[in-house]
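Hi,

Here is the structure I promised to pass on to you. Have a look at it first, and my notes follow below.

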Amino acid sequence: MKLSKLLIQHKAEVVKKWFDYAVQSYKADVAQFLKTQGDQFANPVGGALSQNLEPLFNELCGQMNTEALTASVDPIVRIRAVQSFAPSQAVAFIFSLKRVIRTILKKELRNENLLQQLYEFDLKIDVLGLIAFDAFMVCREKIYDLKANEMRNRTLHAFERAKLVKNTSLYSIHAQAAQPITNREGVLSKKK
Amino acid sequence: MAEDLPKAEEFLANIDYKVPDTAWMDTPAEIRKGMYCYASNPKSVEYLGLPNARKWNPLDDDWQLPENWQEIIHNGFKERLERFRSVKVFMDICVRCGACADKCHFYIGTGDPKNMPVLRAELLRSVYRNDFTKIGKLLGRAAGARKMTLDVLKEWWYYLFQCTECRRCSVFCPYGIDTAEITIMGRELLNLIGLNIDWIATPVANCFRTGNHLGIQPHAFKDMLDFFVEDIEEVTGVELEPSFNRKGADILFITPSGDVFADPGTYTCMGYMMLFHYLKEKYGFDITWSTYASEGGNFGFFTSHETMKRLNAKMYAEAKRLGVKWILGGECGHMWRVIHQYMDTMNGPADFLEEPVSPITGTKFENAKSTKMVHIAEFTADLIKHNKLELDPRRNDHLKVTYHDSCNTARGMGMFDEPRYVINNVVNHFYEMPANTIREQTFCCGSGSGLNAGENMELRMAGGLPRANAVRSVHEKHGVNMLACVCAVDRAALPPLMEYWVPEVDVTGLHELVANALIVPGENERTTDLRGEDLPETEDDADE
């Protein structure tokens, strides 16, 4: 008996339980909402999980293509990266798949041969965990980039270069700027 | 982050990674970095004459409150319950049906139950029941009442600044409870003991002193518009002559200062300037800018009714000084909520002005009969409807556009169709986002009501997720690459939101699109748009 075959046979059950574990990281009433609201525009968090857990599981049972894994793990982790989770909590849902499989295939896994295959499968889950952690860090770095850029906007280099203000630091923290005028050198450098 | 990390034994004790299910009253707020804005600069608080100006840090245990802070909050609450009938009603009539619960973008995005509008309101209601109702006094917690403590106060501050006052929840409330009103009142109470945020307090102080949120002085304001004149000349070959502070002009134009000082609002600003020039050349349109009333936005609205009134009054004082007939307002969100819902009873009626009539089409803007202030999207839609603008929408053919309804213009003043009418006349490729994310059900940008600071970026990204998710759907389905809006806070908040969630999509104001399509008398053949990007090849070009 091959584990991958067994897993594919139980796919629907595994993915459903995996989803349940993933939403347990939220408070009970939130988890309930994430499970029951089926409209992905009313429930983008639940939507990201339900759209991506199955493709992730398919890859784990199949080719383990890094690009495909990243494409499916990114939408989930991108959300968790802004949701007040510790890094470990943000990616913990990946590892809960081990528990899901052991629960669902409890009987079958008495077979020693399958246990050996499960060990191999666990390694794949670990790899996915690492990919998820990389994706998480990319998101966090993007957040820091955005914060740094907002700060740069607020320093209003443009005004200084255009000699519109003498000391930008006085104005720096109060600008309502979104995108820096600083990238518009063609406009501002004309002012001598 | 490091101080928040879970310990190994916590992992082992909770191998299911399950969140403990404590009742909300037993779950104190944990103030987390990235989710709150910095405390106000005491100088700004002092300048505005607001109470308890001092340096303080939300992460400190001691918030340096006045000794009798509980009494101040209690009395402030009492006074507002008497003053605002709506607040009293909203405190009493909620039956906790939960219709609003999952409609808030912050709840959807953060997954934090205290961001359910009903629960956010319950933070205040619980104290209301304790302090002002018999049943609350008698039964205490059994009746949903609780005493005001320091933990409760901190919870108020944390969550009242995780609400953008967008009012999406109120659309779904069977009783019409406006949770934004509750947030507004809660923030007023917090201001009574000096619990403000700097992203609001300092722009308000700047605006009160200098006339705009950035504290930019009149000569700098004019210099920036002069830069735009040079820029426009480069793109079109036409030299504009905007008019400033001119007494006796027909109309005064006021826009958010973000349009003058921050991209991509600057392109929208150029759009206004080109439109005014066009109308002047063709129809003798007479409009002036003011370097004193140089801010349409009103962050005072996020502080207290009195502060909002002080900032709003400056615009009308300038209109009176210049002797104009009426005021045309730029693309802004909350500026219009203030005009539409508060101005008339706050500083109005502006009976020294005339009922706005378009000098070009003769259209009477009856919706602005009392405030005497017209939104430029309405004004331009009327011009197009009367065939007063010569337009070549093919110049926007490189854009696939969708439209984000600003909460304030949509839910606050009911303006849904005018911006869409304008867009459909100036671009050839327009696609709507899903129905439950636009018009009266529009999702907030996640950064309104003074929350578009840098330090709370995680909150902004989480709160903006439902909006971004809808943008992504039209990007994937139709190749949408431009998100149009009529609000300066949107133009500030949406670019980083897109950069995080849908980096292929850029942000524009409505009048940037108008100006790109507008055929200005005497212009050279355009080769680029206002951003300096090459125009798409038209069929005429291809034939040559």
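Which residue just after α15(B) takes a positive phi? That is B:Gly323, with a phi of about 70 degrees. Please keep in mind throughout that this is a predicted model.

Helix α15 of chain B runs over residues 305-322. Its 18 residues should span 26 Å at 1.5 Å a residue, and the end C-alpha atoms are 26 Å apart, so the two agree. Several residues of α15(B) are buried, among them B:His305, B:Met308, B:Leu311, B:Met315, B:Tyr316 and B:Leu322. The buried set also includes B:Asn312 and B:Glu318.

Elsewhere in chain B, there is a negative surface patch made up of B:Glu233, B:Glu239, B:Glu241 and B:Glu281. B:Glu281 sits in helix α14, which covers residues 265-283. Its relative accessible area is 49%, so B:Glu281 counts as partly exposed, given that exposed means over 50%.

For a contrasting case, take B:Ala201 in helix α11 (residues 198-210) of chain B. B:Ala201 has a relative accessibility of 3% and therefore counts as buried.

Chain A has 10 helices and zero strands, giving the pattern α-α-α-α-α-α-α-α-α-α along the sequence. Of the 192 residues in chain A, 52% are buried.

Note on methods: Residues are numbered from 1 along each chain as its sequence is written. Chains are lettered from A and ligands numbered from 1 in the order in which they are written. This is a predicted model: local features need pLDDT of at least 70, side-chain atom pairs count only at pLDDT 80 or more; totals for chains, interfaces and linings use all residues. Side-chain values use heavy atoms; hydrogens and water are left out. Patches are made of residues with over 30% relative accessible area and no salt bridge: like charges are joined within 9 Å, nonpolar side chains (Val, Leu, Ile, Met, Phe, Trp, Tyr) within 5 Å. Accessible areas come from the Shrake-Rupley method with a 1.4 Å probe; for residues, only the protein chains shown count as cover. A salt bridge is a side-chain nitrogen of Lys or Arg within 4 Å of a carboxyl oxygen of Asp or Glu. Lys and Arg count as positive and Asp and Glu as negative; His and the chain ends are not counted. The place of a charge is taken as NZ of Lys, CZ of Arg, CG of Asp or CD of Glu. Helices (H or I, at least four residues) and strands (E, at least two) are DSSP runs, numbered from the N terminus. Buried means under 20% relative accessible area, exposed over 50%, partly exposed in between (1.4 Å probe, protein chains only). The expected span of a helix is 1.5 Å times one less than its number of residues.
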